[in-house]
Amino acid sequence: MAGINKVILLGNLGKDPETFTFEGGAKKVNFTLATTEYYKDNKGERQKQTEWHNIVCWRGLAEIAEQYLRKGMQIYVEGKIRSRSWEDNGTKKYITEIVAENFQMLGTKAENENSHSSSNQTSERTPVVNTPPANDPLPKDTSVPESQEEDDLPF
């Protein structure tokens, strides 16, 4: 049986993406993503634990990340874990990265904090833009049509 290497993360960008363009024109974008979990310690006090992840996007996905992602945005990322090593001045260095296969932009950290603190108030729907495959152009209009503003679910 073959192995599975699948990562799903939901977090906030720690910095603007860094873009690298190679000789053949291929693009690579790197950024950090913070995921935060909360738990209660043995004294019953709420604790916060943040993990930082190195995210890498290639080619078409890199172009979308370069154009639309900014520090503080909340995104959902699916990808694979990759570890690599290299030598720098005689010292072996290691890094573990998430190679993104796709992502969805969910908003900014401030927008998400405001929506949690005002959950009893009516809030506008924030459209979610799915990243298209690398060879498809981005949709021109990402707004939610009026006809879709109310859910048509029977429950």
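**Entry 1. Layout**

I read the elements from the N terminus on, and their order is β-β-β-β-α-β-β-α-β. That gives 2 helices and 7 strands in the protein. I note at the outset that this is a predicted model. I then looked up burial across the protein: buried residues make up 27% of the 155 residues. For contacts between residues at least 6 apart in sequence, I found that 58% join residues at least 24 apart.

**Entry 2. Nonpolar core**

Which residues have the most contacts inside the largest nonpolar core? I found F31, I55, C57, L69, I75 and F103 in that position, within a core of 20 residues. I next listed the elements that give two or more residues to this core: β1 (7-13), β3, β4, α1 (59-68), β5 (73-88) and β6 (91-108). As general background, I recall that nonpolar side chains tend to be buried together in soluble globular proteins.

**Entry 3. Aromatic rings**

I searched for aromatic pairs and the count came to 1. The pair consists of F22 and W58, and it is stacked, with 5.8 Å centre to centre and 20 degrees between the planes. The planes count as stacked because the angle between them is under 30 degrees.

I checked the accessibility of both partners. F22 counts as partly exposed because its relative accessibility is 41%. W58, at 32%, also counts as partly exposed.

I then looked at F20, which is found in strand β2. F20 is 38 residues from W58 in sequence, and their C-alpha atoms are 9.7 Å apart in space. With its neighbours within four places in sequence left aside, F20 is in contact with A26, K27, K28 and N30. At 37% relative accessibility, F20 counts as partly exposed.

I also examined a charge placed over a ring. The charged end of R46 sits over the ring of Y38, at 4.0 Å from the ring centre.

**Entry 4. Salt bridges**

How many salt bridges does the structure hold? I counted 7. For context, side chains of opposite charge can pair when their charged atoms come close.

I began with K6 and E78, whose side chains meet in a salt bridge at 3.3 Å, N to O. This pair links distant parts of the chain, with K6 in the segment before β1 and E78 in strand β5, 72 residues apart. Is each partner buried or exposed, or in between? K6 counts as partly exposed, at 44% relative accessibility. E78 is buried, because its relative accessible area of 17% is under the 20% limit.

I continued with E101 and K80, which form a salt bridge with the closest N and O atoms 3.7 Å apart. E101 lies in strand β6 and K80 in strand β5, so the pair ties together parts that are 21 residues apart in sequence. E101 is partly exposed, with a relative accessible area of 40%. K80 is partly exposed as well, with a value of 31%.

I noted that these residues belong together: K6, E78, K80 and E101 are linked in a network of salt bridges.

Another salt bridge joins K93 and D88, with 3.8 Å between the closest N and O atoms. K93 counts as partly exposed at 33% relative accessibility. For D88, I likewise recorded 33%, which counts as partly exposed.

**Entry 5. A buried glutamate**

I turned to E97, which lies in strand β6. Why does E97 count as buried? Its relative accessibility is 7%, and buried means under 20%.

I then asked which side chain E97 meets in a polar contact. The partner is the side chain of R84, at 3.0 Å. Leaving aside neighbours within four places in sequence, I found E97 in contact with N54, V56, K80, I81, R82 and R84. One of these, K80, is also the salt-bridge partner of E101.

Definitions and conventions: Residues numbered from 1 in each chain as written. Predicted model: local features only at pLDDT ≥ 70, side-chain atom pairs only at ≥ 80, totals over all residues. Heavy atoms only, no water. Phe/Tyr/Trp six-rings, centres within 6.5 Å; stacked < 30°, edge-to-face > 60°. Buried < 20%, exposed > 50% of the residue type's maximum accessible area, 1.4 Å probe, protein only. Lys NZ or Arg CZ within 6 Å of the ring centre and 35° of its normal. Core = buried A, V, L, I, M, F, W, Y, C linked by side-chain atoms within 4.5 Å. Helix = DSSP H or I, 4+ residues; strand = E, 2+ residues; numbered from the N terminus. Polar contact = N/O pair within 3.5 Å; in protein donor to acceptor, adjacent residues only side chain to side chain. Contact = heavy atoms within 4.5 Å. Salt bridge = Lys/Arg side-chain N within 4 Å of Asp/Glu carboxyl O.
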